[in-house]
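This report goes through one protein model, part by part. Please keep the sequence and the structure in view while reading.

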Amino acid sequence: MVEPVDKRKRRVRHGMVKERARILVVGGGYVGMYTALRLQRRLKPELGRGEVEITVVTPDPYMTYQPFLPEAAAGSISPRHVVVPLRRVLSRCRVIIGEATAIDHAKRTATLTTLATAEEGTGTEQLSYDELVLAPGSIARTLPIPGLAEHAIGFKTVEEAIGLRNHVIEQMDIASSTRDPAIRDAALTFVFVGGGYAGVEALGELEDMARYAARYYHNVRPEDMKWILVEASDRILPEVGEDMGRYTVTELRRRNIDVRLHTRLESCADRVAVLSDGARFPTRTVVWTAGVKPHPVLAATDLPLNARGRLKGTPELTIEGTTHAWAAGDAAAVPDVTAAEPGTDCAPNAQHALRQAKVLGDNIAHTLRGEPLETYAHKYAGSVASLGFHKGVAQVYGRKLKGYPAWFMHRVYHLSRVPTFNRKARVLAEWTLSGLFKREIVSLGSLEHPRAEFELAAGGKHHLNPGDDTKGSS
Ligand SMILES: Cc1cc2nc3c(=O)[nH]c(=O)nc-3n(C[C@H](O)[C@H](O)[C@H](O)COP(=O)(O)OP(=O)(O)OC[C@H]3O[C@@H](n4cnc5c(N)ncnc54)[C@H](O)[C@@H]3O)c2cc1C
């Protein structure tokens, strides 16, 4: 347990310890990792010594480079290379694997559940801090749609991306081996809900991968598969502008992808996707990427939230009306000082999160040194999106690109952005190798059942056929 603030302050007053600011970073994503990295470079903390002590609390020991998830799902990048190991990158920080469940900023205390508290059965522990960086990001914005919680999958984590890849290939295997046309049809129908980055890129990459994989199946052809994109508004990919969004619809339809605008998913109970336009698709795959909402932990704090549940941020990346509390990224509504219309907030995307983290780190250092704060100002530069191998769409600084040039730009941009030289080199090596050799189309779904083989050997049932008692067979 960490020493309470009052006790520590008493010891500082009596000269027993040197005052050392304790910075708590909640979240190890874009904002959390880059802020800690910036602070680590500027303030040179040393574990147990130095001017500051930085603690990062996050559920996973890695930061996920989310823009690469669609390529990880398609098999162009291996899952290990889309994540950045926090302990290696933040070697001067203390990394705690756990979650903040509540924050009492008035008392400068966070309540945590960690791997240790779970293992020891002690429930929670309290952690005191002097400066708080709150960056838990966002979670999927779901709706009370029948069957959604039971059957759909999101696309925000590396586990979901790899799970979905394995699932799609497994559906092709089922379709190839079943004699039941209804099972085959449902297995080869893939429904994606939400036409933002995540949905369009995931669908574009997975359809491309499945089209390629089909050449290795004697009885599954690309035209046997149904890929459906359901979007409630009148456009997709708003990030690349209206023209490029329209181009993306045309391009996806040219690939035989059924893009349905002004349409909502109404139910996916009993493995049938029912749409608001009356269409019904028996399917075993519903991918939900219809937007994000701020992380629920924000509601368990005494910090101010706006109507949408995001932290009220300032252009200096402090939290409005507070001292020593900072926020950025998807969790915070940071005013966009470059916007023509006053009152506009920065969009929740990586472009802002990364740049905000750098200013945030610098501003904490300025505060500790009694220097004036910087203002965050970044004019949105545009976006790049991949729609499959050699296919893409982009709008950058007003320049519109499509097809191969956009795809190439997407790769160059993200290669330059993925954290650490080590990751850049590994991703580049993988792209080069996949250009020389054929794509990997194997499903490693059985990784999710690592004990299955041993259980069978030890006299259990086969996980593919639990009713089959194989103990008696020779
Ligand atoms: C598939 C996909 C593709 C994308 N592509 C692009 C793109 O091409 N360009 C672009 O600009 N943006 C893109 N984005 C959006 C971008 O990734 C996010 O805007 C960005 O990650 C936000 O950064 P963040 O630090 O706020 O949140 P995150 O990066 O999500 O980090 C939040 C972190 O907080 C942790 N956390 C959550 N709860 C707690 C808790 N209670 N206690 C402690 N830690 C907690 C999480 O585990 C996570 O590590 C994409 C997103 C997705 C899902």
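## Helix 12

Helix 12 covers residues 403-417, and at 1.5 Å a residue its 15 residues should span 21 Å; the C-alpha atoms at its ends are 21 Å apart, which agrees. The expected span here is 1.5 Å times one less than the number of residues in the helix. Helices (H or I, at least four residues) and strands (E, at least two) are DSSP runs, numbered from the N terminus. The model is a predicted one: local features need pLDDT of at least 70, side-chain atom pairs count only at pLDDT 80 or more, and totals for chains, interfaces and linings use all residues. Residues are numbered from 1 along each chain as its sequence is written, and side-chain values use heavy atoms, with hydrogens and water left out.

The buried residues of helix 12 are G403, A406, W407, H410, R411, H414 and L415. Seen down the helix axis, the buried residues of helix 12 fall within an arc of 165 degrees, so they line one face of the helix. The arc is that of the directions from the helix axis to the C-beta atoms. Buried means under 20% relative accessible area, exposed means over 50%, and partly exposed lies in between (1.4 Å probe, protein chains only). An α-helix has 3.6 residues a turn, so residues three or four places apart point the same way.

## Aromatic pairs

Rings of Phe, Tyr and Trp (its six-membered ring) pair if their centres lie within 6.5 Å; planes under 30 degrees apart count as stacked, over 60 as edge-to-face and the rest as tilted. By this rule there are 10 aromatic pairs. One of them is the tilted pair of Y30 and Y65, with 6.0 Å centre to centre and 40 degrees between the planes. Y30 lies in helix 2 (residues 30-43) and Y65 in the loop between strand 3 (62-64) and helix 3 (69-74), so the pair ties together parts that are 35 residues apart in sequence. Y30 is buried, with a relative accessible area of 12%, and Y65 is buried too, at 2%. A single aromatic cluster is formed by Y30, Y34, Y65, F68 and W431.

## Strands

Two strands pair if DSSP finds at least two bridges between them.

| Strands | Sense | Bridges |
|---|---|---|
| Strand 5 (residues 94-104) and strand 6 | antiparallel | 6 bridges |
| Strand 6 and strand 7 (residues 125-128) | antiparallel | 4 bridges |
| Strand 11 (residues 189-193) and strand 12 | parallel | 5 bridges |

Strand 6 (residues 109-114) has 5 of its 6 residues buried, so it is largely enclosed by the rest of the structure. T109 in strand 6 stands opposite D104, while L112 has E125 in strand 7 as its bridge partner. The hairpin of strand 5 and strand 6 has 4 residues between the strands, and R108 there takes a positive phi near 55 degrees.

Strand 12 (residues 226-230) is mostly covered, with 4 of its 5 residues buried. K226 in strand 12 stands opposite T189.

## Two leucines with positive phi

Most residues other than glycine have a negative phi, and most peptide bonds are trans. L237 is not a glycine, yet has a positive phi of about 45 degrees. L237 sits in the loop between strand 12 and helix 10 (242-254) and is buried, with a relative accessible area of 0%. L317 also has a positive phi, of about 75 degrees, although it is not a glycine. The loop between strand 19 (311-312) and strand 20 (325-327) holds L317, which counts as buried at 0% relative accessibility.

## The cavity

How many cavities of 30 Å³ or more does a search of the whole structure find? The search finds 1. A cavity is a set of points, on a 1 Å grid over the protein atoms alone, where a 1.4 Å probe fits but cannot get out; lining residues have an atom within 4 Å of a point. The volume of the largest cavity is about 50 Å³, a volume being the space filled by probe spheres set on the points. R22, I23, L24, E53, T55, L127, S128 and Y129 line the largest cavity. Strand 1 (21-26), strand 2 (52-58) and strand 7 are the elements that give two or more residues to this lining. The largest share, 3 residues, comes from strand 1.

Note on methods:
On a 1 Å grid over the protein atoms alone, a cavity is a set of points where a 1.4 Å probe fits but cannot get out, and a pocket is an open set with protein on both sides within 12 Å along at least five of seven lines; lining residues have an atom within 4 Å of a point.
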